[in-house]
Amino acid sequence: MTASGGARAGGAVRRLVRQGVAWGRDYTWIVGAQAAATLRPPAPDGLASGDRAPVVLVPGVYETWPVMGGLARALHAAGHPVHAVPALGFNLGTLEDSAGHVADRLGVLDLDRVVLVAHSKGGLIGKLVLADPDAGARVAGLVAVNTPFAGSTYARWFPARPVRALSPVDPHVLALARDVATHARIWSVYARFDPHVPGGSELPGAVNVRLPLDGHFRPLDDPRMHAAVLDAVTHLARDTSERPDA
């Protein structure tokens with residue numbers, strides 16, 4: 001083996017080790033976050049105050065909104081009222097049903113120029129809401145964190161239907177991927193290594209922000225992710241306020 005070949009092999013081994021450690025830390029973090037969300041659930045309206053653009057959280061499958069609590073608190077500290085969608089529960093419904101819950105919540109709260117901040121499957125739901133003629137008119141844009149816009153190749157092998165529905169060959173995922181009309185209103189923010197979305201979260205036509213983070217869940221608690229999402233929310237809210245008809 002040449003010196004350059006040895007260096008490449010060494011780099012590949014170090015990357016695999018780094019990713020393996022990140023994978024383990026990712027599951028450790030989400031287990032703790034889910035336990036805290038179940039045992040000590042925060043009040044759903046505790047972050048609803050603020051004078052900047054309202055934010056609605058859309059978590060991923062098997063998640064409740066407190067899993068996004070660190071991100072929610074960072075947005076609230078910056079002045080954004082943050083709302084949850086309690087009807088989502090653990091978000092095990094179809095994309096269409098879940099989008100209906102989000103649309104209903106926007107109507108009940110009478111929110112306008114709202115920014116959806118979503119994690120994983122929540123980004124697919126948010127994209128459906130954007131495309132809805134009525135609910136989408138209330139939404140300034142979508143910030144999607146680690147979302148499998150083209151599906152996840154691992155999902156097809158998962159034993160539970162709510163996750164298998166995120167397979168890249170699922171007809172609903174395929175139809176949603178073909179609809180590009182909303183992409184200009186989406187910021188996709190994602191980790192450099194996401195063990196649940198091996199194909200990545202880059203979305204053509206959207207603003208794509210790749211961060212030097214590893215993991216699918218743990219980046220939700222990272223200040224660098226919080227800063228990137230806050231920047232995205234600020235841009236989307238400002239873009240809407242500058243529209244002539246806004």
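Residues are numbered from 1 along each chain as its sequence is written. In this predicted model, local features need pLDDT of at least 70 and side-chain atom pairs count only at pLDDT 80 or more, while totals for chains, interfaces and linings use all residues.

The protein chain holds 7 helices and 6 strands (DSSP runs, H or I of at least four residues for helices, E of at least two for strands, numbered from the N terminus). From the N terminus on, the order is α-β-α-β-α-β-α-β-α-α-β-β-α. The radius of gyration, taken over C-alpha atoms, is 18 Å, close to the 18 Å of the globule rule for 246 residues, so the chain is as compact as a globular protein of that length. That rule is 2.2 Å times the number of residues to the power 0.38. Buried residues (under 20% relative accessible area, 1.4 Å probe, protein chains only) make up 49% of the 246 residues.

An open sheet of 6 strands has the order β2-β1-β3-β4-β5-β6, with parallel pairing (strands pair if DSSP finds at least two bridges between them). Its edge strands, β2 (82-83) and β6 (207-214), each pair on one side only. Strands β3 (residues 114-119) and β4 (residues 139-145) run parallel and are joined by 6 bridges. Val 117 stands opposite Val 143 in β4.

Helix α1 (residues 3-39) gives the largest share of the lining of the largest pocket, 5 residues.

Conventions:
Side-chain values use heavy atoms; hydrogens and water are left out. Buried means under 20% relative accessible area, exposed over 50%, partly exposed in between (1.4 Å probe, protein chains only).
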